[in-house]
2 protein chains.
Amino acid sequence: LNGPWLARELAGLGIQVCEMRLLGDTPADLVRSLRELLGRHHLVIITGGLGPTLDDCTRDAAAEVLGVELEYHAEAWQAIVERFARRGLEPAESNRRQAFVPAGSKLLPNARGTAPGFLARDGHGHILAALPGPPREMQVLWQAELVHRLAPALGAPPRHQHRFLLGGLPESTFGDMCGAWMERGVDPLLGVSAKEGLLVAFLSSQDPLALESRAGAFRERFARWILAEEHERLEQALVAELSSRAQTLALAESITGGLIAARLTSVPGSSAVLREGFVVYSPEAKQRTLGLTPAQTQPGQIVSQATAVAMAQGARERSGATFALALTGYAGPGGGDATSPEGTVCFALTSRALAYSLKRTFPIGDRERVRQFALHTALELVLRAVTGRLGEVEGLEPA
Amino acid sequence: LNGPWLARELAGLGIQVCEMRLLGDTPADLVRSLRELLGRHHLVIITGGLGPTLDDCTRDAAAEVLGVELEYHAEAWQAIVERFARRGLEPAESNRRQAFVPAGSKLLPNARGTAPGFLARDGHGHILAALPGPPREMQVLWQAELVHRLAPALGAPPRHQHRFLLGGLPESTFGDMCGAWMERGVDPLLGVSAKEGLLVAFLSSQDPLALESRAGAFRERFARWILAEEHERLEQALVAELSSRAQTLALAESITGGLIAARLTSVPGSSAVLREGFVVYSPEAKQRTLGLTPAQTQPGQIVSQATAVAMAQGARERSGATFALALTGYAGPGGGDATSPEGTVCFALTSRALAYSLKRTFPIGDRERVRQFALHTALELVLRAVTGRLGEVEGLEPA
């Protein structure tokens, strides 16, 4: 988890990441790898292995590689004691291990956890930074303690980045449409990753003007498929678009079982836009809570565009939201009927003025993956509805 | 994502994982790393970089390291064409790149995606296996094409593993209670990782009897905190326990906003146990759907044990489930009131016979992390209620 995050941060400082390794916590392997990496690179960042238990051996390995002993820091122990005290607890004896760092290194206080980090230089002036493993602790410590120390020591002209989220476009078609933009060595660089119906494209360059110009051309070529560019995640874009219009959303989730609501509520401020979510996994819940008829929840009907529309209408009426999105499908393993085989998901989107439905069949064999496809399609539908771009969705039918 | 999965699989085959690297997709770096790794190890597995776009350069890098050309496989192209045809589409021209593999290597068909893998030996007989990046494709290909080829070539006595999930125990206390069990070099090996209130402990050994004996002692020492051992995730254990008793659950989620429902419904068979989920993020939804009074949703009351109990009762009455779990809290950033500061979460668990509530304060500063703590505590509460072990939860109050 930490690697990709740090790689982006380092790129922003203009520090090129040459190598990333996942190491076991066998002390000998750790020592060998640290030695190898410090020999090759100006900066080595290691995360994790700073916990209180004996299998946390980063401190010892770093001390060995640096050729020094571990040194006890009373103020680090004091910080651990205070941290426990705030929760009415006392640290265990094993926490004391966390107050030791290699002699001569700089202790980096951890505002979020018990494990402090440290920063050291080896005999060749190469830098070793050790950060705690939990991403939240690592990230805060990185910002507070490392950025301002590393940038002047190692920074190069930063690479500027621009990110696009695209929906409804297969990765291979995207590649064909990009042509020479994706070749190696071109500036700006363009990379892409595909996840369940969503493409994430990154442009990067040291030259902000070249980047802006390519971003403009990209925007023009892919206008139809671009869902967001200033937000890292679709749900952030959606919460922002709904908030700025003072509109609200209700969800009726069968196949995704709360996934969409969970994603939306991960965004601060979502309480103003998610009016209510109904996880109606069973036919009974669909009838009881959303007012569906028994006929609408029969096999053969329960995964249908008509049932999805009835679910959305029920959710909107019950909640009073501006928009309602409903979905019902067969995630597998197994399930499905003659007209809706496994992997089929029916979506409906309704508001006071509009009611549309959509049927999609996603690649089967992995339940979570079908649910992720459904999640991305659902977020795309609502985002397009809010921004008046539903016309660009293929296969959408008026209800 | 693929690394930890493959590491477990390889350990099961008795193949020791010495090193794991994340590589950029710069061809030169890829070639250097592959050369270095193949020089050192009997087996190198590379995942990803087999897509249709130009930034997918695993094929080329592998061919260069092996000292051969890329070779076109008509049957691989045929499989790609058929895969697209099943969805009523035609492959893009760039997909043709995926039908090339290094000359002399064995093509590994991909039942789940367009990118086939390949298997080759270098001049020293070391094995290079290239697998597609998406975890589902990689895992299926691994099972179908690699396991039976690698085990006889490289396998050693497999390491047996035993996994425990524990709740309510700080990692440092766990370490102290383990003592010598966690020292390096002991057999069985014991490792632990902590995530938001949940500990995952792994025992492993080549000797199944030693493992079983240590697992027995572990079970005795940590009985009070062990939540599951046969299931990899808490939600799987919970679905299994509810199913076997033909009991059902309703959820009323405020702070977690659908997270618990989404986790439960990721488990096949959960439709029989999750009767209904209510994502009641707003005060209005809590009143309208769960029957709370306006007073119960006032600031100062909305995050309280009494309100959590009322939410659980509302969810149980509305759904008819055996158990209802409700939770309400302040995830931050900001929020909170005099009696319930940011990070406070109130839980309630009710059934026909019992009604309990619990108030916890989790470390703040990261919204998602507070929600994860709440998720784990909620799953633990329901699991303990279903198995009659609520008495072991500290701070639980009868409502």
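Biologist: What makes Arg96(B) count as sitting over the ring of Trp77(B)?

Modeller: This is a predicted model. A charge must lie within 6 Å of the ring centre and within 35 degrees of the ring normal. The charged end of Arg96(B) is 4.2 Å from the centre of the Trp77(B) ring and sits over that ring. Arg221(B) likewise lies over the face of Trp181(B), at 3.8 Å from the ring centre.

Biologist: How many aromatic pairs are there over all chains?

Modeller: The count comes to 19. One of them joins Tyr72(A) and Phe100(A), with 5.3 Å centre to centre and 55 degrees between the planes.

Biologist: Why is that pair called tilted?

Modeller: Under 30 degrees is stacked and over 60 is edge-to-face, so the rest are tilted. The planes of Tyr72(A) and Phe100(A) are 55 degrees apart, hence tilted. Tyr72(A) is in strand S3 of chain A and Phe100(A) in strand S4, so the pair ties together parts 28 residues apart in sequence.

Biologist: Why is Tyr72(A) called partly exposed?

Modeller: Buried needs under 20%, exposed over 50%. Tyr72(A) has 34% relative accessibility, so it counts as partly exposed. Phe100(A), with 28%, is partly exposed too.

Biologist: What makes the pair of Phe164(A) and Phe218(A) stacked?

Modeller: The planes of Phe164(A) and Phe218(A) are 25 degrees apart, and the centres 4.3 Å. Stacked requires under 30 degrees. Phe164(A) lies in strand S8 of chain A and Phe218(A) in helix H7, so this pair ties together parts 54 residues apart in sequence. Both Phe164(A) and Phe218(A) are buried. They belong to a cluster linked by ring pairs, which also includes Trp181(A) and Trp225(A).

Biologist: Is Glu196(B) buried or exposed?

Modeller: Buried, as its relative accessible area is 10%, and the cut-off is under 20%. Glu196(B) is in the loop between strands S9 and S10 of chain B. Its phi is near 40 degrees, a positive value in a residue other than glycine.

Biologist: And what makes Ala246(B) exposed?

Modeller: Exposed means over 50%. Ala246(B) has 69% relative accessibility, so it counts as exposed. Its phi is also positive, near 55 degrees. Its place is the loop between helix H8 and strand S12 of chain B.

Biologist: How do you know that the two copies are related as by a two-fold axis?

Modeller: Chain A can be laid on chain B by a turn of 180 degrees and a shift of 0.0 Å along the axis, with an RMSD of 0.1 Å. The two copies are thus related as by a two-fold rotation axis.

Technical notes: Residues are numbered from 1 along each chain as its sequence is written. Chains are lettered from A and ligands numbered from 1 in the order in which they are written. This is a predicted model: local features need pLDDT of at least 70, side-chain atom pairs count only at pLDDT 80 or more; totals for chains, interfaces and linings use all residues. Side-chain values use heavy atoms; hydrogens and water are left out. Copies are superposed by least squares on the C-alpha atoms of residues with pLDDT of at least 70 in both. Helices (H or I, at least four residues) and strands (E, at least two) are DSSP runs, numbered from the N terminus. Buried means under 20% relative accessible area, exposed over 50%, partly exposed in between (1.4 Å probe, protein chains only). Rings of Phe, Tyr and Trp (its six-membered ring) pair if their centres lie within 6.5 Å; planes under 30 degrees apart count as stacked, over 60 as edge-to-face and the rest as tilted.
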